[in-house]
Amino acid sequence: MMFKNLLRRKLRTLFALFGVALAIAALVALSAVTEGMLLQLKRLATDYRGDVMVQATGVLDPLFSQLPFDTISKLRELPEVKAAYPVVSYLTKVPRLGTAAQNDPDKMRYFLVFALPSGSALLKRHKLVAGNYFSTGMPELILGADAAHQMNLKVGDRLLLSHTQFSIVGIFKTGIRLLDGAAIYSIQEFRRIFSNAKLNLVALDLHSPKTDLTTVIDKINADHTELEALESAKILDHFRHAALFQNFANGLSIIALCIATLGILNVMMMSIHERTREIGILRAIGWPAGMIVKMIVSEAFLLALAGGFLGAWLGWAGTELLISSVDIGIVNALYPPALWIKAAVLTVSVGVIGATWPAWKALRISPLEALRYE
Amino acid sequence: MNDVIVDFQNVSRFFEEGRVRALERVSLKIYRGETVAVTGPSGSGKSTLLGLMGALDFPSSGEVKIMGSAITPDAPLARLRNEKIGFVFQQHHLLPHLNLEENVMAPLRPARVPLKEARAKSRELLDRLGLADRADFLPAKLSNGERQRAALARALINDPQLILADEPTGSLDSANGEVVVERLLRAAVGKTLVVVTHNPEISSRMGRVVQILDGRLIET
């Protein structure tokens, strides 16, 4: 009976179903992308971390930090610091295919570039799958495996980057999509190309991290007002863009779910209104109020469930399509079980909330009045 | 013959805060096995009386008992209607999206009768009422007479003790009306039948006629 009731107004049911589907799709897509982005940042922070990270004071998040190069020498003077690594990253454009013409904007893609000290322990965390690391004083780079695959480049090829022809001397793979879609060259080359350049972060390794961590952070923050030292393990808390995006995603999902709930509510209210007499008939032939409520809630639940399944699939498919069409690897998706559980719980909630008022209205229908209803 | 099936004691039913007095101090007893016609002009209170007999409504004052059960808001009236009362309305009131078989077995749902058994009972009744070949049809595909016979089948599927019919032939031509009355009377053997009607032909075939005038009962 549930199916038949829903299929009586196919178009209306279809609209409500798509409303739920779009809401759940938005929820899945936004949550998956947020989760994926957080994972990328977390892995990046883990990979690039020293014991302490130093950024410019007051920046929205570490990727937007700008520090002068002499910051490194200042920090190296601290007795607790064993090593200080500059970290530079920036976005540029490269030919979509390595050999394509540079002047055609349609054939260009965004590309993430890192500059690290050659020969540093930080650089060697990028495991090579082909070739060697770059040498100092040479326009050489190592390329992430995903970027090499997408641009059809290999060791020995050349890549025009920041107006400089680089030789690709190695291919690396980290398993972090953000890094594997990027290129790394030497910080010395970076300073040669960009004479007034600044660095983003400084990663510090300490002699005794357990004992010196708080001392060093307090000392840097007290002595250098232009610097903000952070415990590396807590660096994710400082990616405020991620938090903002997460809040934005949650907000959008809530709005979408409210609209979906209103859609179901509207369909069910219309349906109850149209079926007033039928509900009266069912009451007259002895259907208890509970059965009527169950029928209405089941219909709303079925509608929400179908929309939920469709939405979950659309969300997944849409996200994967988006990821495959975006060049830079920061857009990544993750579908942990909690995401699907959240989607399922919200789908059920949409159905139940959407049915509550109509069911209550149906309960208030007097059988005698309903039978006279035209 | 002494079992009281319908027992009205001084029953009044008012609407619109007492401005409309549909029934006034009606006392009536109907016994097992009786066939009763309720007659009277339009607006006299016949349908209100039937609604109270069918546990679809509550009295404003007085007491209504159906097969010993007092009709009060806290009584399990759905069960009473489902198990002991069968309704036939002036309009067939079949559910338009269900076929005849599904319509007829709808009253079996509350008792959770297994689908196979419900189907068999439904088919048997439809067969008895000459609608076996119409079981899979939607009501919209049937004639008025067929719909009303299907409504009768639905009223009878739970083998009710009390059958209530509100102008059951009101929407039918005389030939189809005759068939429905015939089937009603046949189904009512050993049960109690109350028919609201304007039709003197039908009244004359009932064992007893009660007339309502301006909400008051006049037994004839």
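Q: What share of chain A counts as buried?
A: A residue is buried if 20 or more other C-beta atoms lie within 10 Å of its own, exposed if 12 or fewer, and partly exposed in between, with C-beta atoms placed from the backbone. Of the 374 residues of chain A, 41% count as buried. This is a predicted model: local features need pLDDT of at least 70, side-chain atom pairs count only at pLDDT 80 or more, and totals for chains, interfaces and linings use all residues. Residues are numbered from 1 along each chain as its sequence is written, and chains are lettered from A, ligands numbered from 1, in the order in which they are written.

Q: How many helices and strands does chain A have?
A: Both are DSSP runs numbered from the N terminus: helices are H or I with at least four residues, strands E with at least two. Chain A has twelve helices and ten strands.

Q: How many residues of chain A are in contact with chain B?
A: Contact puts two C-beta atoms, placed from the backbone, within 7 Å. Here 15 residues of chain A are in contact with 18 of chain B. On the chain A side, α1 (2–7), α9 (276–284), α10 (289–325) and α12 (367–372) each supply at least two residues.

Q: Which residues of α6(B) are buried?
A: They are Gly177(B), Val180(B), Val181(B), Arg183(B), Leu184(B) and Ala187(B). The arc takes the directions from the helix axis to the C-beta atoms. Down the axis of α6(B), the buried residues fall within an arc of 165°, so they line one face.

Q: What covers the buried residues of α6(B)?
A: The cover includes α5 (144–156), β7 (162–166), β8 (192–196) and α7 (200–204) of chain B.
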